Amino acid sequence: MKITKEEVLYVANLARLDVDKVLIDKFAGQIGTILEYVDTLKSVDTQGVTPTSHAIFLTNAFREDDEKQSVDSDSALSNAPKKEDGNFIVPKVINS
Amino acid sequence: MKLYELTIKKAHMLLKKKEISSQELTRAVLDRIDAVEEHVGAYITLDSEMALAQAKIADKEISRGNILPLTGIPLAIKDLMCTKGLRTTCASRILENFVPPYDATVVKKLKTQGAVIVGKANMDEFAMGSSNEHSAIKLTHNPWDLTRIPGGSSGGSAAAVAADMCIGSLGSDTGGSIRQPASHCGVVGMKPTYGRVSRFGLVAFASSLDQIGPLTKDVTDCAMLMNVISGYDSADSTSVPEDVPDYTSFLEDDLKGMVVGIPKEYSAAKGLDPDVSHAVKHAVEKIQAMGAGCVEVSLPHTEHAVAAYYVIAPSEASSNLARYDGVKYGYRDKNKKSLMEMYKSTRSRGFGPEVQRRIILGTYSLSAGYYDAYYGKASQVRTLIIEDFKNAFESCDVILSPVAPTPAFKIGEMVDDPLTMYLSDVFTLSANLAGIPGMSIPCGFSSKGLPIGLQMMAKHFEEGKLFKVSYNFEQATDFHKKKPNL
């Protein structure tokens, strides 16, 4: 097996996912198969090759720092699952 | 001819001559949707009231003599481009009730022209898929054979055009998501050069690969839509400040001096269906007969493109999709007491299996200890793929190839076999890795009557050459005029 169930659970936790117990074996198998296929990249000689993260030649994208209308607070909050007094409400983060 | 069967160009001419009104045209399209949507399932959200209101405004403008190429034309928008006040779900439970407070730049451009937005088209969740089977909302069926997939991820957009449920549409393409469904549904689709069309307001999947483009009934309509959506946008720092030519000026009758290239590695691709191979070969001969030169070219790293892509795209996705945390918008599991439990439960319930699989794959590729072997290596192979295209375009103007190795497959056939599904993207995803433009146009039918597409690719910002070759081919054939029986 290219990737174990435990490794999938570890990575899922990093990605803040709580993978369904029923799905975990299936996922490990499928992701393992994909990773085995991806390993064919090892056969490519990439000595000294510069990696590409962006296919178009563009460097810094500057613009004038003009004042512009932005989304107002009511609109920004319009899709919030929970809100109060102009704030997003989340479960308590720090326990006293 | 029924009004809903019109192309953008013909509808525009009739609107201009005041032989039809936008309200008549929009009603005809809405009636068509009423008649066939239960079989095709192309739309996630329809807003007929709003569409008719937009049509009424368009008619008023036209009566005053103000008509632009898209004024009063009913269009479908893939459900991952933000439409102010109109639900944008990305075909995901996590965004099921998301109503954007702003328009994507492309949507704003369509609205400025006075186009009519009929509704939001179905897709694979977060554009991850080649069949639309990964939509969390509904299934879309191929109008040519309802037991088959329409392709993906812009399957709803392609099916809506093929079934005359809109006059034209917009999709997005990260690894073939416009070209492959266009091919499977027998319509025209273009993925423009990376940076040609603004991505502002497009829900991000893989930011270095995503690009918005048109799906239309013919090549002329594709050029007309490209004229409107292309151009620099200061809201998208990756959009390129290059002048936009009038793409309709490339629709002329001459292929002399044009050289097409045939990649030798593509014909050796595993699993290439004989009907597809035959149709593409025939198309190449036809283009040669019209005066174009033809050379064999080599893209030696083709066999590694799928592997590189399925490291890079999920890596970027795992980072982009981190924003769905149940805090600012979208679904939240409200039963969880701690913040961490809320995050995890929200994301696991909100995302479907394919999205979770890709997030895990991407997170793994980027994680400590694996970064160099996976993401780093794939990014180097990406450079080699770009070099391949640079070399190939030294001896040709346009590269011709199949779009997909097979015609549309049966619904359910590959749903539990992600790797096989990924491998079917072999011909299309290199264009995204290299950022070059690609196009699919109808070039034949399989023995079962399923549409087959021809792919054309050109250098960065040379969409004009794609329009020239595709227009000439279209003039000499009638594949694009055939309609599915619904």
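Predicted model: local features only at pLDDT ≥ 70, side-chain atom pairs only at ≥ 80, totals over all residues.
Of the 96 residues of chain A, 18% count as buried. Chain A contains three helices and two strands, arranged along the sequence as α-α-α-β-β. Its radius of gyration is 23 Å, well over the 12 Å that the globule rule gives for 96 residues, so chain A is more spread out than a compact globule. Along the principal axes, the C-alpha atoms of chain A fill a box of roughly 55 × 45 × 25 Å.

Chain B presents another picture. Its 486 residues include 62% that are buried, and its secondary structure comprises 16 helices and eleven strands. A compact globule with 486 residues would have a radius of gyration near 23 Å, and the 21 Å found for chain B agrees with that. The C-alpha trace of chain B spans about 65 × 55 × 45 Å along its principal axes.

We turn next to the place where the chains meet. The contact draws 59 residues from chain B and 44 residues from chain A. On the side of chain B that touches chain A, at least two residues each come from helix 10 (305-320), helix 11 (339-350), helix 12 (353-366), helix 13 (372-392), helix 14 (418-423) and helix 15 (429-434) of chain B. Helix 13 of chain B gives the most to this side, with eleven residues. Sorted by class, the side of chain B that touches chain A holds 29 nonpolar, 21 polar and nine charged residues.

Helix 16 (residues 463-475) has 13 residues and reaches 18 Å from its first C-alpha to its last, close to the 18 Å expected at 1.5 Å a residue. Ten of the 13 residues of helix 16 of chain B are buried, so this helix is largely enclosed by the rest of the structure. Among the buried residues are B:Leu466, B:Phe467, B:Val469, B:Tyr471 and B:Phe473, and B:Glu463, B:Lys468 and B:Glu474 are buried as well. The cover over the buried residues of helix 16 includes helix 7 (219-229), strand 7 (259-263), helix 9 (274-289), strand 9 (398-402), strand 10 (438-445) and strand 11 (451-457) of chain B.

Helix 4 (residues 105-113) of chain B has B:Thr105, B:Val106, B:Val107 and B:Leu110 as its buried residues. These pack against strand 2 (74-78), strand 3, strand 4 (168-173), strand 6 (211-216) and helix 7 of chain B. Just after helix 4 of chain B, B:Gly114 takes a positive phi of about 85°.

Some backbone details also deserve a friendly second look. Most residues other than glycine have a negative phi, and most peptide bonds are trans. B:Phe126, in the loop between strand 3 and helix 5 of chain B, has a positive phi of about 55° although it is not a glycine. With 30 other C-beta atoms within 10 Å, B:Phe126 is buried. The loop between strand 3 (116-121) and helix 5 (155-162) of chain B is also the place of B:Ser153, and the peptide bond from B:Gly152 to B:Ser153 is cis, with omega near 10°.

In chain A, A:Asp85 has a positive phi near 45°. A:Asp85 lies in the loop between strand 1 (83-84) and strand 2 (87-88) of chain A and is exposed, with 5 other C-beta atoms within 10 Å. Back in chain B, B:Lys60 lies in helix 3 (residues 48-63). B:Lys60 counts as exposed because it has 12 C-beta neighbours inside 10 Å. The C-alpha atoms of B:Lys60 and B:Ser21, 39 residues apart along the chain, are separated by 9.7 Å.

Terms used. Residues numbered from 1 in each chain as written. Chains lettered and ligands numbered in written order. Helix = DSSP H or I, 4+ residues; strand = E, 2+ residues; numbered from the N terminus. Expected span 1.5 Å × (residues − 1). Buried ≥ 20, exposed ≤ 12 C-beta atoms within 10 Å, placed from the backbone. Contact = placed C-beta atoms within 7 Å. Nonpolar A, V, L, I, M, F, W, Y, C, P; charged D, E, K, R; others polar. Rg over C-alpha atoms; globule rule 2.2 N^0.38 Å.
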